[in-house]
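Visitor: I have a new model open and need a quick tour. Start wherever you like.

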Amino acid sequence: MPLHQTEAFILRTYTLQEADKICVLLTRDAGKLRGVAHGARRLKSRFGSSLEPFTEVSVTYFQKETRELVSISSCEILHSPFSTTMSSELLGLLHYLAELVIEFLPDHEPNDRVYRLISAIMEATAGATAEQFPALARYGEIWMLKLGGYLPGFRRCAECSSEFLRQQSVWLTSDGAPQCAGCSARRGEEMNADVRLLLADLLRQSPKEFIEARRETGALAQIGSIAGRLIARALERDLKSILILDQLRPKVEAVPGS
Ligand SMILES: [Zn+2]
């Protein structure tokens, strides 16, 4: 049985029988994996607190070629989000991000960009306040959509390919594709220049930079509702943890004239 060692984030854990845990891991080298940590539920477990969600660990595991589950032999904490005070808002955000990764990423497919995304978001949570969590959630959603190939381009009209001007509004089809005023006949959800600019910032900046700038709540909420629809469409259902996160998602104000 070959032995592997890699850095990983613990995404989720489940109880398996009396003493064991199943962990879903986002590893740097092998992508998303499911593994068994034998004896992890015992009081004096060699895993200690290394299996708490979103702890970054150095993990060693065995993989049998015929087995779906790997066998985790050791886990060493590299970074723990629990070293700072863990609020329920932060916990809600982390569960939501974990669900996004679990749902979007297939098992056993290395994806360095997703790993680096989660790493950068986790770094940004360290000094963030609860007011900044919605911006981090939007950052995670939009980037998971983009890395999964589910984010439409917002620079050109999806119909006539004309490039949008900076101050222009665009209109979204029910699929979330942006169209110019002419092609859409101004039907569909209007996305004004401010919202488009915010989205461009999100795709250009690091999560830390993105949450440090002052953000207009309404524009951020609209990005959230657009992302929510694209996610539901990509996965063909809503995510469970979005219910918890709804309190982090300010309601979109009605667009005048709609
Ligand atoms: Zn057009």
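Guide: Strand E2 (residues 20–27) pairs with E3 in the antiparallel sense, over seven bridges. Strands (E, at least two residues) and helices (H or I, at least four) are DSSP runs numbered from the N terminus, and pairing takes at least two DSSP bridges. This is a predicted model, in which local features need pLDDT of at least 70 and side-chain atom pairs pLDDT 80 or more, while totals for chains, interfaces and linings use all residues. Residues are numbered from 1 along each chain as its sequence is written, and side-chain values use heavy atoms, without hydrogens or water.

Visitor: What joins E2 to E3?

Guide: A hairpin, through three residues. Within the pair, Leu25 is opposite Leu33 of E3.

Visitor: Which residue of E5 does Gly35 stand opposite?

Guide: Gly35 faces Val70 of E5. That strand covers residues 70–79, and its pairing with E3 is parallel, over two bridges.

Visitor: Is E3 mostly covered or mostly open?

Guide: Mostly covered. Of the seven residues in E3 (31–37), six are buried, meaning under 20% relative accessible area, with exposed over 50% and partly exposed in between (1.4 Å probe, protein chains only).

Visitor: What is Thr55 in contact with?

Guide: Leaving aside neighbours within four places in sequence, the contacts of Thr55 include Ala8, Phe9, Ile10, Ile77, His79 and Phe82. Contact means heavy atoms within 4.5 Å. Ile77 is 22 residues from Thr55 along the chain, and their C-alpha atoms are separated by 6.8 Å.

Visitor: Change of topic. What coordinates the zinc ion?

Guide: The SG atoms of Cys157, Cys160, Cys180 and Cys183, at 2.3 Å. Along the chain these donors follow the spacing C-x2-C-x19-C-x2-C. Donors are N, O and S atoms within 2.8 Å of the metal (3.2 Å for Na, K and Ca).

Visitor: What are the angles among the four donor atoms?

Guide: They are 102 to 117°, and the zinc site is tetrahedral; four donors count as such if all angles lie between 85 and 135 degrees. The ideal value for four tetrahedral donors is 109.5 degrees.

Visitor: Is Cys180 buried or exposed?

Guide: Cys180 is buried, at 13% relative accessible area. Cys183 has 33% and therefore counts as partly exposed.

Visitor: Last topic: how many residues does H7 have?

Guide: Helix H7 (217–235) has 19 residues and reaches 26 Å from first C-alpha to last, close to the 27 Å expected at 1.5 Å a residue. The expected span is 1.5 Å times one less than the number of residues. Just after H7, Glu236 takes a positive phi of about 60°.

Visitor: What covers the buried residues of H7?

Guide: The cover includes helices H1 (88–104), H3 (133–147), H5 (193–204) and H6 (207–212), together with strands E6 (170–172) and E8 (189–191). Among the buried residues of H7 are Leu220, Ile223, Ile226, Leu230 and Ile231.

Definitions and conventions
Tetrahedral: all angles 85-135°; square planar, octahedral: opposite > 155°, others 65-115°.
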